[in-house]
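Dear colleague,

Please find below the structure that I am handing over to you. My notes on its salt bridges and on one of its pockets follow.

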Amino acid sequence: MNNKTLQAEDFKEGQVLLIDKPLEWTSFQAVNKVRWLLRKSFGIKKIKVGHAGTLDPLATGLLIICTGKFTKKIDTFQAQEKEYTGTFTLGATTPSYDLETEIDQTFDISEITSEEIYEATKQFIGEIQQQPPVFSALKKEGKRLYEFARSGEEVEIPFRTVTISEFEITKIAFPKVDFRVVCSKGTYIRSLANDFGKALNNGAHLSALRRTRIGEFSVEDAVGIEAFEASLPS
């Protein structure tokens, strides 16, 4: 992505920006930063900017940001297959299924073998039923699920059908298990971590996550926020 030759009109007509989202940034913050940079650099009063698929604050990696008329393409990009790499930590669960919340249960992992871990991936290949985490931005009855969770209210979360086409264990260093997953839109890797722990008759949570691909777009072609800012007129 070479933005040095792009002008204000190019961004208004539409650009697809591949951003490597920093850790602890929300996707909304990344979009707001890009919008602010474009307005500041080109003196634009108003420009449409949106992202094609939320990444949790504790995840890094590919965030597709569309500008101008290309915001109409967001739904198309969101529907595409995604690839992630990351780490499950065995032997402990959290209410959010990741590091956003504190550990609520611990388990003995001394009996788990590497063979069992490799074998457990097989039951997640193909179409599966998955329950999204209660600590998520999905809406029910007009409220975000995390609002129910934070107020201590019980809420029934329906299962959804998602597809996992590849699930590979890339490294085992107990209690850490590194993985690579290729999956459909709507898949929660946090839920996969929690379900993977259950499949081992144990517990697990997601301790690292990076989105490496959306459709044909790769994080290898993405730039950080600072690099994007440096590419714009000052």
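Glu119 and Lys122 are joined by a salt bridge in this predicted model, with 3.1 Å between the closest N and O atoms. Glu119 is partly exposed, its relative accessible area being 46%, whereas Lys122 counts as exposed at 54%.

A further salt bridge links Glu166 to Arg180, where the closest N and O atoms are 2.5 Å apart. Glu166 belongs to strand 10 (residues 160-173) and Arg180 to strand 11 (residues 176-183), so this pair ties together parts that lie 14 residues apart in sequence. Arg180 is buried, with a relative accessibility of 18%, while Glu166 is partly exposed at 36%. Through shared partners, salt bridges join Glu83, Glu166, Glu168 and Arg180 into one network.

The count of salt bridges comes to 10. Among them is the pair Lys69 and Glu13, at 3.2 Å from N to O. Because Lys69 sits in the loop between strand 3 (59-67) and helix 3 (74-78) and Glu13 in helix 1 (residues 8-13), the pair connects parts that are 56 residues apart in sequence. Lys69 is partly exposed at 48% relative accessible area, and Glu13 is partly exposed at 41%.

As to the second largest pocket, it holds about 290 Å³ of space. Its lining comprises 17 residues, and Tyr97, Gln131, Pro132, Asn194 and Lys198 lie nearest the centre. Eight of the lining residues are nonpolar, five polar and four charged. Strand 7 (126-130) and helix 6 (189-199) each contribute at least two residues to this lining; helix 6 provides the largest share, four residues.

With kind regards

Notes:
Residues numbered from 1 in each chain as written. Predicted model: local features only at pLDDT ≥ 70, side-chain atom pairs only at ≥ 80, totals over all residues. Heavy atoms only, no water. 1 Å grid on protein atoms, 1.4 Å probe; cavity = no way out; pocket = protein on both sides within 12 Å on 5 of 7 lines; lining within 4 Å. Points joined across faces, edges and corners; volume = space filled by probe spheres on them. Nonpolar A, V, L, I, M, F, W, Y, C, P; charged D, E, K, R; others polar. Salt bridge = Lys/Arg side-chain N within 4 Å of Asp/Glu carboxyl O. Buried < 20%, exposed > 50% of the residue type's maximum accessible area, 1.4 Å probe, protein only.
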